[in-house]
Amino acid sequence: ANCICCGSPYNLGTTPTPFSRENFVPLNQHSNDELLALRQQVQSRYNSLKSEGLQLDLTRGKPSSAQLDLSNGLDGILQANYMAGAVDTRNYGSPLGIAEARALGAELLGVPADQVLAGGNASLTLMFFAVMLQNNIGCRGSDSAWNRRAAAKVICPVPGYDRHFTICETLGVDMVTVPMTDSGPDMDAVESLVKTDPDVVGLWCVPKYSNPTGCTYSDETVDRIAALGKTADPSFRVFWDNAYAEHHIATPGETLASIYDACLRHGTEDSVWQFASTSKMTFAGAGISWAASSPGNLATFKKFVNAAIIGFDHVNQLRHVKMFPNLETLREHMEKHRQLIAPKFEAVLRQLDEDLDADYGEWTRPAGGYFISFDAQPGLAQRIVDLASEVGVKLTPAGATFPYGKDPQNQNIRLAPSLPPLEEVQKAAQVFTLCVQLATLEQKLAS
Ligand code: PLP
């Protein structure tokens, strides 16, 4: 399509036509009549999409079948040898997980193995347990339980991971937001909250390839987070969810400073809980997970968790360590994931670059992880999600990246391109940019 006012090529989502940014005509250089005509063009393309009966899904960060297939070797890997040293993994026991699985988690998280618990298929369960322990039981006797206080708030960098917010909501822990920046949470805001609000008792973090912005925290941010424990309430805890520790899209990937080393420097080991899992390395529904913290915290955690479970699935832990005897083998495996996932991110980013500019929104270019975070013009996220849904493209609900599902600016949308095949990702991205164009034009014309 050509721009209706100057005739220059104007890509309205038709693919894959080469697009020259030099010829792009910003929306704000159009008169009202031109905008009306442009909207008509976009609307008619949108209407024709309706007849295509699309059924596409960019909602959740799940691995694709091809990615899952990479780990099919887990099936049968034990060949009926269930022993992990002297431990028969088929039986009860080893409340902290088998030694080999704890060692792998220790390498991944950069902590001593005796400070790690290896768990079942969901690190989310371990996070839920950790928050519940802090809230309901207390890590240093019942007086330290958050729910003994008049109020307890956890800081949530936004946009963030919806299930962290759900844990807090479910357990009745209040949330207070701070903005995410390119180097991690706005640390001035975090430090100010910790200093001035005595109700602040925690901080959620996805430090590497953050969900959904893709940002990796800078060394300075990691150090400042580790230092929080020096001034915060003794029951203050950082929930360091390193879900995307080895999940690169770019080569080389980004590196994250060690929060453990920083805590040792500041003497704040008690203030941090670390988590990770193989959910997006092997099978999302049948992997293994880890939690790590100071020896004191871990001892209390073990007692608490063992009230709910005698031992995790040690057979599956053994399968995993047979497949990944060390971090190096796991990294080789993650390179295969990268090769499958990178083209999907490239496809979405190419479409965004071709069809949109800052008049329509801003988006992140992650070097890893599972998401692209898109900020539309304020007020438009819900409209864009609805428009996409009407033509058969499911997007993560507007507001999902904020506590209580409420994005005050109604502008953030999380795109998750990992699951569908590449052609479907391309199609969904075309629909997405078209919906952004339509919603933006509608808003501009209404103002
Ligand atoms: N943490 C983050 C930041 C995630 O994005 C996800 C899944 O999307 C999880 C945790 C879930 O991990 P698990 O499957 O180990 O519970």
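Start with strand 8 (residues 200-205) and strand 9 in this predicted model: the two pair in the parallel sense over four bridges. Pick out Gly202 and look across to strand 9, where Arg237 stands opposite.

Now widen the selection to the sheet around them. Eight strands make up an open sheet with mixed pairing, in the order 4-11-10-9-8-5-6-7. Go to its edges and you'll find strand 4 (116-119) and strand 7 (184-185); each has a single partner strand, so one side of each is left without a neighbour in the sheet.

What lies across strand 4, strand 10 (272-277) and strand 11 (289-292)? Select residues 99-109 and you have helix 3, running at about 65° to strand 11.

Next, the aromatic rings. Nine aromatic pairs turn up in the whole structure. Show Phe129 and Phe304: their ring centres are 5.9 Å apart and the planes stand at 85°, so this pair is edge-to-face. Phe129 belongs to helix 4 (residues 123-137) and Phe304 to helix 9 (residues 295-305), 175 residues apart. Buried or exposed, these two? Both Phe129 and Phe304 are buried.

Then hop to Tyr244 and Phe371, with ring centres 6.3 Å apart and planes at 90°, so they too are edge-to-face. Tyr244 sits in the loop between strand 9 (237-241) and helix 8 (259-266), Phe371 in the loop between strand 12 (361-363) and strand 13 (372-376), so the pair ties together parts 127 residues apart in sequence. Tyr244 and Phe371 are buried.

Two last stops: Trp146, Trp204 and Phe239, which form one aromatic cluster, and Lys280, whose charged end sits over the ring of Tyr370, 5.0 Å from its centre.

Terms used. Residues are numbered from 1 along each chain as its sequence is written. This is a predicted model: local features need pLDDT of at least 70, side-chain atom pairs count only at pLDDT 80 or more; totals for chains, interfaces and linings use all residues. Side-chain values use heavy atoms; hydrogens and water are left out. Rings of Phe, Tyr and Trp (its six-membered ring) pair if their centres lie within 6.5 Å; planes under 30 degrees apart count as stacked, over 60 as edge-to-face and the rest as tilted. Buried means under 20% relative accessible area, exposed over 50%, partly exposed in between (1.4 Å probe, protein chains only). A charge sits over a ring if NZ of Lys or CZ of Arg is within 6 Å of the ring centre and within 35 degrees of the ring normal. Two strands pair if DSSP finds at least two bridges between them. Contact means heavy atoms within 4.5 Å. Axes are lines fitted to C-alpha atoms, for helices over the stretch in contact, and angles run from 0 to 180 degrees between N-to-C directions.
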